Amino acid sequence: MMSLASKAGRAGRAWKALQTRSLSAATTDKVGPTSASTSTSTSTTTTTTSAAGGTKEDHGPAHLYDVTPRDGIQNEKTVLSVDQKIQLLELIAESNPSAIEVCSFVREDLVPAMAGAADLCDALRESEWAKAAKGRGMRFGGLVPNLRGYESFRKAGMARGADSPAVLDFITCLVSCTESHSKANVRMSIKDAMAMTQKVAQSATSDGFGVRGYASLAFECPFEGIVDMDVVLRVVDMYMGVDAEVIVLADTLGQTNPEHVYQLVTRAARHFPIERLGLHMHNANSRAAENVMAGAELGVRHIDSSIGGAGGCNFIPDAKGNISTEAVLAVMAHLGIPHSMDESAMQRANAFLAKSLSRELEGPTKLDFLQAAAN
Ligand SMILES: CC(C)(COP(=O)([O-])OP(=O)([O-])OC[C@H]1O[C@@H](n2cnc3c(N)ncnc32)[C@H](O)[C@@H]1OP(=O)([O-])[O-])[C@@H](O)C(=O)NCCC(=O)NCCSC(=O)C[C@@](C)(O)CC(=O)[O-]
């Protein structure tokens, strides 16, 4: 059994790798709207005066996690070909998020848009742009709900010798925080899903992959209403026990509000370092940007989004899209939080996806609540 000290060491190393990536992104990549803020730094602390006004502790740059190729398109009627997915991935990589969720290893009959994950990973392995992106520190992940999915992930993503390093870097795991959604989504009770996730995460860690853990339905459930925070915190604790590098609180339904975000993040941060907490917001009630702002003001820096706000869980009735990357960047600009994104490349990805799906997506966003806050 792994000792607590070695567990802490492993988690610390994973966190350090993420920090190194973000620091190099902030200094060498195209850095976002730093002009919106002025910083003073000492060896131990940094304070920032943001466009929002006031001085706050600096929790560092944002780590934007692009979920477009997975959550963004998993529930679309139009199924993209492997070739279209590779083109989309290339454009997203040009936009320079910290990491991209490339695909999922789930039942193709249940989520047909995610079929062909192995072929997609093979194509990614051969792509020069992907090698270059990984050389810059970008990381690729895939969603894995069970051990069968993990076997497929491993085969598709692992290193195949010195000339063919691992194409996938980490798994994303999910545990729903309500029984009804857990059964609808992964056909397991919460208890069984937690036990399965522990096994999957332990296998991934011992094979050298990172683990990003999701507490899905962490706020409100379409079947059960407001979610019990104690259940969410038990899921957070489970992820801590398996050395997850980031634990993400997900508003899968997209109906939460900043007060709830404030309360849950504050409680979760007593269990797990806030620098390693993430938010995954859907936008059914048009408050996702406010919710991200509430989390970012507390210090959350791992933020999921999709290009143009595409997306939605297949097992939520009438699911609505993710917060758009465009809206996240507007919030980051408002708060003076630097990021690595190239906005013109993001617009190219948006145009490509809209054309591929034959529908309009959100563009660069003027957020009314930010306008109001600025006045
Ligand atoms: C979880 C399972 C796989 C359980 O599926 P199951 O049917 O309960 O699995 P099973 O162990 O009973 O096996 C039944 C059959 O499925 C096969 N099987 C078993 N596992 C797999 C696998 N991984 N990939 C491919 N095939 C699989 C297995 O081999 C067997 O095949 P047979 O022997 O009958 O031919 C299934 O319910 C499933 O695929 N669900 C879809 C989950 C999903 O993709 N949900 C949407 C994404 S989650 C989300 O959007 C939320 C998130 C993360 O974005 C954050 C948020 O907003 O909250």
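**Helix packing and nonpolar cores in the predicted model**

His-260 is buried, with a relative accessible area of 10%, in a structure that is a predicted model. The residue belongs to helix α10, which spans residues 258–268, and, when residues up to four places away in sequence are not counted, His-260 touches Phe-219, Ile-226 and Met-229. Between His-260 and Ala-294 the C-alpha to C-alpha distance is 9.3 Å, although 34 residues separate the two in sequence.

The largest nonpolar core comprises 105 residues, of which Phe-140 and Leu-249 touch the most other members. Helix α9 (residues 229–241) gives the most to this core, contributing eight residues. With residues up to four places away in sequence left aside, the contacts of Phe-140 include Ile-100, Val-102, Leu-124, Trp-129 and Ala-130, and among them are also Lys-134 and Asp-169. Another core, of ten residues, lies apart from the largest one, and its members include Val-67, Leu-174, Val-246 and Ala-250.

Helices α11 (residues 288–298) and α12 (residues 325–335) have axes that come within 10 Å and cross at roughly 40 degrees; the two helices are therefore oblique to each other. The crossing in which α11 passes α12 is right-handed. On the side of α11 the contact is made by Ala-289, Val-292, Met-293, Ala-296 and Glu-297, and on the side of α12 by Val-331, Met-332, His-334 and Leu-335. Classified by residue type, this contact of α11 with α12 consists of seven nonpolar residues, one polar residue and one charged residue.

How values were computed: Residues numbered from 1 in each chain as written. Predicted model: local features only at pLDDT ≥ 70, side-chain atom pairs only at ≥ 80, totals over all residues. Heavy atoms only, no water. Core = buried A, V, L, I, M, F, W, Y, C linked by side-chain atoms within 4.5 Å. Buried < 20%, exposed > 50% of the residue type's maximum accessible area, 1.4 Å probe, protein only. Helix = DSSP H or I, 4+ residues; strand = E, 2+ residues; numbered from the N terminus. Contact = heavy atoms within 4.5 Å. Axes fitted to C-alpha atoms, helices over the stretch in contact; angles between N-to-C directions. Parallel < 35°, antiparallel > 145°, perpendicular 65-115°, else oblique. Left-handed = near helix turned anticlockwise from the far one by under 90°. Nonpolar A, V, L, I, M, F, W, Y, C, P; charged D, E, K, R; others polar.
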